[in-house]
Amino acid sequence: MGEFEYIDWLRRQTPSDPRVLLGPGDDAAVLRAPSGGSWLVTTDMLLEGSHFRLADMSARQVGRKAMAVNLSDIAAMAGRPVAAVVSVGLPRKGGKALAEALYQGLREMADAFNTAIAGGDTNSWDGSLVISVTLFGEATGRGPVTRAGARPGDWLLVTGPLGGSISAKHLDFVPRVNEALALHQHATLHAMIDISDGLAADVHHICEESRCGAVLRAEAIPISAAARNLQGGRSPLQHALFDGEDFELVVAVSADEGKRLVESQSVPGIRLACIGECVAEPGLWLEESGSRRVLEPLGYVHTLE
């Protein structure tokens, strides 16, 4: 069983609750606030050996990334981050120094987005480093943007070049919180997701939740310099489609809104590109050199036995 099959199973087992406006299956849960409006809640756990290796990165970088991936989830809902709680499982040997460096990285990223660190839990054990951040955000007056609102004919826009994140970007990316809020003000966003699993996989998530399909245009996908410079069996385009951890945003908007956004480039810090469109027929396709073929939604997936 893959993680997404498990999430589907969880959704079938989880009863509805009037306090939960949106449950499992999106970038964040949406909770009804007692005073009106809604809260966003997201959580991500990073495991040494699966998400990072301390031989390749510092504990400060781990802390920074742990906060940043959660901020990216709030960005994907066009929300405003408020506060975080952090739980860590520290190896007994060297745990004190790790804890201090982790906090420095967490604090650096939290401060950059005016996010309070409100508490958490600290444990030590004989295993490797584990860190889990739960982030609380608030929806703006226009409400959260989910994965479920894309419509046939919508343009799919991306906020930056893709692929090759393993070279460095997965450690030093800046979550698109401010850009998402600006986009939400500039246009009516039908659906949005951050690219964590890979462009193909994450567009597929939008299609599944929106009950539509999508066609991506190979020549229109912006490819990073890092992807072009990587050696190995994948082409630069394949890196852009499947690598993941770019943490750019994919946005579905009407064709008129998409054209206006791409022509005006009115959001500082990003360069929007139209990479395809949504279609009525379920599925995912890649259009390249005048021909269209089925595109498998490959990307990173945690597996369960």
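The model is predicted: local features need pLDDT of at least 70, side-chain atom pairs count only at pLDDT 80 or more, and totals for chains, interfaces and linings use all residues. Residues are numbered from 1 along each chain as its sequence is written, and side-chain values use heavy atoms, with hydrogens and water left out.

**Stop 1: the sheet**

Show the strands (DSSP E runs of at least two residues, numbered from the N terminus; helices are H or I runs of at least four). Six of the strands form an open sheet with mixed pairing, in the order S1-S2-S3-S6-S4-S5. S1 and S5 (116–125) are the edges; each has a single partner strand, so one side of each lacks a neighbour in the sheet. From one strand to the next, the twist averages 25 degrees. Axes here are lines fitted to C-alpha atoms, for helices over the stretch in contact, and angles run from 0 to 180 degrees between N-to-C directions.

Select S6, residues 130–139. Eight of its ten residues are buried, so S6 is largely enclosed by the rest of the structure. Buried means under 20% relative accessible area, exposed over 50%, partly exposed in between (1.4 Å probe, protein chains only).

Strands count as paired if DSSP finds at least two bridges between them. S3 (residues 38–47) pairs with S6 in the antiparallel sense over nine bridges. Pick Trp39: its bridge partner in S6 is Glu138. S4 (residues 79–91) also runs antiparallel to S6, with ten bridges. Pick Val86: its partner in S6 is Val133.

Move to S1 (residues 20–22). S1 joins S2 (residues 29–32) over two antiparallel bridges. Leu22 has Val30 as its bridge partner in S2.

**Stop 2: a nonpolar patch**

Select Val20, Leu31, Trp39 and Phe136. Together they make a nonpolar surface patch of about 300 Å². Patches use residues with over 30% relative accessible area and no salt bridge; like charges are joined within 9 Å, nonpolar side chains (Val, Leu, Ile, Met, Phe, Trp, Tyr) within 5 Å. Val20 is partly exposed, at 36% relative accessible area.

**Stop 3: aromatic pairs**

The whole structure holds two aromatic pairs. Rings of Phe, Tyr and Trp (its six-membered ring) pair if their centres lie within 6.5 Å; planes under 30 degrees apart are stacked, over 60 edge-to-face, the rest tilted.

Select Tyr6 and Trp9. They are stacked, 5.9 Å centre to centre with 15 degrees between the planes. Both sit in H1 (residues 3–13), three residues apart, about one helical turn. Tyr6 is partly exposed at 35%, and Trp9 is partly exposed at 37%.

Select Phe173 and Phe247. Their centres are 4.1 Å apart and their planes at 15 degrees, so this pair is stacked. Phe173 is in the loop between H4 (169–172) and H5 (177–186), Phe247 in the loop between H8 (236–242) and S10 (249–253), 74 residues apart. Phe173 and Phe247 are buried.

**Stop 4: salt bridges**

A salt bridge needs a side-chain nitrogen of Lys or Arg within 4 Å of a carboxyl oxygen of Asp or Glu. The count is 22.

Select Arg11 and Glu209. Their closest N and O atoms are 2.9 Å apart. This bridge links H1 to H6 (residues 199–210), across 198 residues.

Select Asp26 and Arg147. They meet at 3.6 Å, N to O, and both are buried.

Finish with Lys96 and Glu100, at 2.8 Å. Both lie in H3 (residues 95–112), four residues apart. Lys96 is exposed at 62%, whereas Glu100 is partly exposed at 43%.

Conventions: Areas by Shrake-Rupley, 256 points an atom, 1.4 Å probe, with all protein chains shown as cover.
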